[in-house]
Amino acid sequence: MTALLEVRDLHTQFNTLDGVVRAVDGVSFDLARGETLGIVGESGCGKSVTALSILRLIPAETGQIASGSIRFDGRELTGLDEEAMKRLRGHHISMIFQEPMTSLNPVLTVGTQIAENVVRHLGVPWRAGRERAFEMLSLVRIADARRRLDEYPHQLSGGMRQRVMIAMALSCDPQVLIADEPTTALDVTIQAQILDLMLELKEKTGTAIVLITHDLGVVAETTERVVVMYAGRKVEEAPVEALFEHPLHPYTVGLMRAIPRLDVEADIAGKRPRLQEIPGLVPILTRPIIGCAFAARCPLATERCRTEVPPFVDAGGGHTVACWEVTR
Amino acid sequence: MSDAALLEVRDLVKHFPILGGLLQRQVGQVKAVDGVSFAIRRGETLGLVGESGCGKSTIGKTVLKLIEPTAGRILLGGEDVTELPPGAMWAHRRRIQTIFQDPYSSMNPRLSAGTIVGEPLENFGLTRGRETDDRVASLFTRVGLRPDSMRKFAHEFSGGQRQRLGIAKALSVNPDLIVADEPVSALDVSVQAQVLNLLIDLQEEYGLAYLFISHDLAVMRHISHRIAVMYLGRIVELAAKRTLFETPKHPYTEALLSAATAPDPKRRRQRKRIVQGDVPSPAKPPPGCHFHTRCPYAVAECKVTAPPLREVAPGHHVACLLR
């Protein structure tokens, strides 16, 4: 069976005064139907720009998809006109963002906003759209959903707003839901509720999810497969258990050792242990990166790493990595 | 509380008025901090953990005397600083410094990094001219910045480097206590590790005490010696780090721990989340125990009686009627 979403050698660039920023620099991955894929990396690694590229939301005045292919359900998206994209967004592919307040309309009630989306995409009468909005708010377990339909976003708590965003995103039964840091702005107990809700709804509706986050804990607990990005490139991809049990790329290994952990003993002989640091800084994306993007910070780097881009090598079981040294 | 306490906070209360109506009269109040007591020893890190609106940052600001408490006492080295006149407070200011979540917003964009770090030294009259430059250069080196970057401006530094600048500035006047409010929350994982390591090194080197405020339990567990868990303006549990994580007593602490994610895919289906629902508004906290509306164990008594913080085992304090 072919993948629902196929991204191939995607290059997305922004034009700035300092030069062309290669925000996404040759990324490829597949998303199967009903799958949960995590894209993880630190600020500026290109994970959000990858998501915006899929939905063709890169503003034309600042940047563009320079090359590559994005196929959704067998259909190429990179050349589609804006009208066709509008029919796709919020219907077949929808997205939720970190801060729901920036994507909800402050002067419309939440019921109206959800109903609008349903009416536009499914062509049903307004009354049916409102009814669907009620169903969706109940589905995301907003208490007293009938009354909440007539409330404005500012009347809701942060957790409830994110529930409304999820209700709206799922209102037209999309095949793909892209969630960009959906719980980062939320408190710990609310984050747990929202993650549980997303997974439960996925089981019910069969929607595939692309979860974009910097948080390895969130990735471990919600996804089935993970893409690790660094400086605009994919450096490793693996089923979630394999990635956390045997991370291969030195960057992935470094990330896992750098995080303080709740599930292991914090002190050794009464002393707080040192976290492992990744020395140095991420490369500047306006300059061409020769060789491996991580070479300058990598403990294993050799001369070849600094001159030749490492190819993706299959380590078995769907675990692939781009590193000269670990696959030697 | 023993005499050895560097900072002692007793029954601290901070209410903020809610203004409303045409005449902006006071129509209510937010009890941001509602009777909080704790102490910090020299060289110790006390972590304050809780969700948004629990009052943890308000406590930090009150300890720094950036805002005045509504009631309660703050003792620094045994001396009450709550009602000191501004002149007398001056000498104490040097002893308590702060590091913010976003150091950039606290730095003058027109001043060089060296001037920013050296400013407190000159303000307190500790050094002058060349002496200041030398001291700043050594501070830069100590926090892992190149001394030749003293002439750069704040915007020329990365996020992690700016946090190092903030630390250098706080450190410049040899404080006893640093209030660190979410100092690593805005940083990427790899940089966060660098800053946490630096904070621990500096503590051991200079015998600094930290009041470390964060919502991140894993960071807390790494850096703290003791931890106070807050919920809607009150401390619900206070214990040594290990005790708190291994034998939490308060249902809210249990809930927080159960809700935190761990970087281990095998754990994902084993856990059950304990709490549902949102944190109530701090302007209208529930009566009795603030947590009773979300607590799975709550009984009728919890709705009327606010439980006091009791010592249930040496050094382990819990505010719960049932534990």
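Q: Which residue is the bridge partner of A:R8 in β4(A)?
A: This is a predicted model, in which local features need pLDDT of at least 70, side-chain atom pairs count only at pLDDT 80 or more, and totals for chains, interfaces and linings use all residues; side-chain values use heavy atoms, with hydrogens and water left out. Residues are numbered from 1 along each chain as its sequence is written, while chains are lettered from A and ligands numbered from 1 in the order in which they are written. Strands β1 (residues 5–16) and β4 (residues 63–72) of chain A run antiparallel and are joined by eight bridges; helices (H or I, at least four residues) and strands (E, at least two) are DSSP runs, numbered from the N terminus. In β4(A), A:R8 has as its bridge partner A:S69.

Q: Which strands of chain A stand at the edges of the sheet?
A: The open sheet of chain A has four strands in the order β2-β1-β4-β5, with antiparallel pairing; two strands pair if DSSP finds at least two bridges between them. Each edge strand has a single partner, so one side of it is left without a neighbour in the sheet. The edge strands are β2 (19–31) and β5 (75–76).

Q: At what angle does helix α1 of chain A run to β1(A)?
A: Helix α1 (residues 47–54) lies across β1, β2 and β4 of chain A. Axes are lines fitted to C-alpha atoms, for helices over the stretch in contact (heavy atoms within 4.5 Å), and angles run from 0 to 180 degrees between N-to-C directions. Relative to β1(A), the helix runs at about 110°.

Q: Which residue of chain A is in contact with B:Q192?
A: B:Q192 belongs to helix α6 of chain B and counts as buried, at 9% relative accessibility. Beyond its neighbours within four places in sequence, B:Q192 is in contact with B:V184, B:L187 and B:V219, as well as with A:P260.

Q: Is the ring pair of B:Y231 and B:Y252 stacked, edge-to-face or tilted?
A: Rings of Phe, Tyr and Trp (its six-membered ring) pair if their centres lie within 6.5 Å; planes under 30 degrees apart count as stacked, over 60 as edge-to-face and the rest as tilted. Seven aromatic pairs are counted over all chains. For B:Y231 and B:Y252 the centres are 4.5 Å apart and the planes are at 50°, so the pair is tilted.

Q: How many residues apart in sequence are the parts tied together by B:Y231 and B:F291?
A: Both B:Y231 and B:F291 are buried. Their ring centres lie 5.1 Å apart with planes at 85°, so this pair is edge-to-face. B:Y231 lies in strand β9 and B:F291 in the loop between α9 and β11 (310–313) of chain B, so the separation of the parts tied together is 60 residues.

Key. Buried means under 20% relative accessible area, exposed over 50%, partly exposed in between (1.4 Å probe, protein chains only).
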